[in-house]
Amino acid sequence: MRFDTKIGIVVREDLATWQKLNVTAFLASAVAGGEPETIGEPYEDGSGNAYLPMFRQPVLVYTAESLAAVREKAVGRGLRVAVYIEEMFKTGNDVDNRAAVRAVAAPDLQLVGLAVYGPKNAVDKTLKGLSLHP
């Protein structure tokens, strides 16, 4: 199936494995929470057990050393963006996470990851040249 939209997550290369996974999970939740049309229907197994719905389309995870340029391109193209900054590793809740982001001007964000969602062509152009995460 072809989709007219794309979900891309970019994570900084030099993070510990647990950090990469944590950042990816948080950024994926941002897309799911902020873009309800990305979510499919709930699942059910043959025994009648219900399961939570998931994205209706693939999520591609990329790696990059510097994320500032990717964020600028995405914002410039009008794409929906979620950010995860270094300071968020030190906070323990959503309120403090939002405060940490709000405290820093966009060019000074110490990005460790970001999610991009929007029209497939615009997302492809924004993420062009990045490698898929190994």
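**Figure 1. Surroundings of Gln57 in the predicted model.** Beyond its neighbours within four places in sequence, Gln57 is in contact (heavy atoms within 4.5 Å) with Phe3, Thr5, Lys6, Ile7 and Tyr117. The model is predicted: local features need pLDDT of at least 70 and side-chain atom pairs count only at pLDDT 80 or more, whereas totals for chains, interfaces and linings use all residues. Residues are numbered from 1 along each chain as its sequence is written, and side-chain values use heavy atoms, with hydrogens and water left out. Gln57 is placed in the loop between strand S3 (50–51) and strand S4 (59–64); strands (E, at least two residues) and helices (H or I, at least four) are DSSP runs, numbered from the N terminus. With 7% relative accessibility, Gln57 counts as buried; buried means under 20% relative accessible area, exposed over 50%, and partly exposed in between (1.4 Å probe, protein chains only). A polar atom of the Gln57 side chain lies 3.0 Å from the backbone oxygen of Thr5.

**Figure 2. The aromatic cluster of Trp18, Phe26, Tyr84 and Phe89.** The whole structure contains three aromatic pairs. Rings of Phe, Tyr and Trp (its six-membered ring) pair if their centres lie within 6.5 Å; planes under 30 degrees apart count as stacked, over 60 as edge-to-face and the rest as tilted. The Trp18 and Phe89 rings have centres 5.8 Å apart and planes at 65°, so this pair is edge-to-face. Because Trp18 lies in helix H1 (residues 17–34) and Phe89 in the loop between strand S5 (80–85) and helix H3 (94–102), the pair ties together parts that are 71 residues apart in sequence. Phe89 also forms a tilted pair with Tyr84, at 5.3 Å centre to centre and 50° between the planes. Trp18 counts as exposed at 54% relative accessibility, Phe89 as partly exposed at 24%, and Tyr84 as buried at 4%.

**Figure 3. The cavity lined by residues including Ala68 and Leu111.** One cavity of 30 Å³ or more is present in the structure. On a 1 Å grid over the protein atoms alone, a cavity is a set of points where a 1.4 Å probe fits but cannot get out, and lining residues have an atom within 4 Å of a point. Grid points are joined across faces, edges and corners, and the volume is the space filled by probe spheres set on the points. The largest cavity holds about 40 Å³ of space. Its lining consists of Ala68, Arg71, Glu72, Ala106, Pro107, Asp108, Leu109 and Leu111. Helix H2 (residues 68–76) supplies the largest share of this lining, three residues.

Note on methods: Polar contact = N/O pair within 3.5 Å; in protein donor to acceptor, adjacent residues only side chain to side chain. 1 Å grid on protein atoms, 1.4 Å probe; cavity = no way out; pocket = protein on both sides within 12 Å on 5 of 7 lines; lining within 4 Å.
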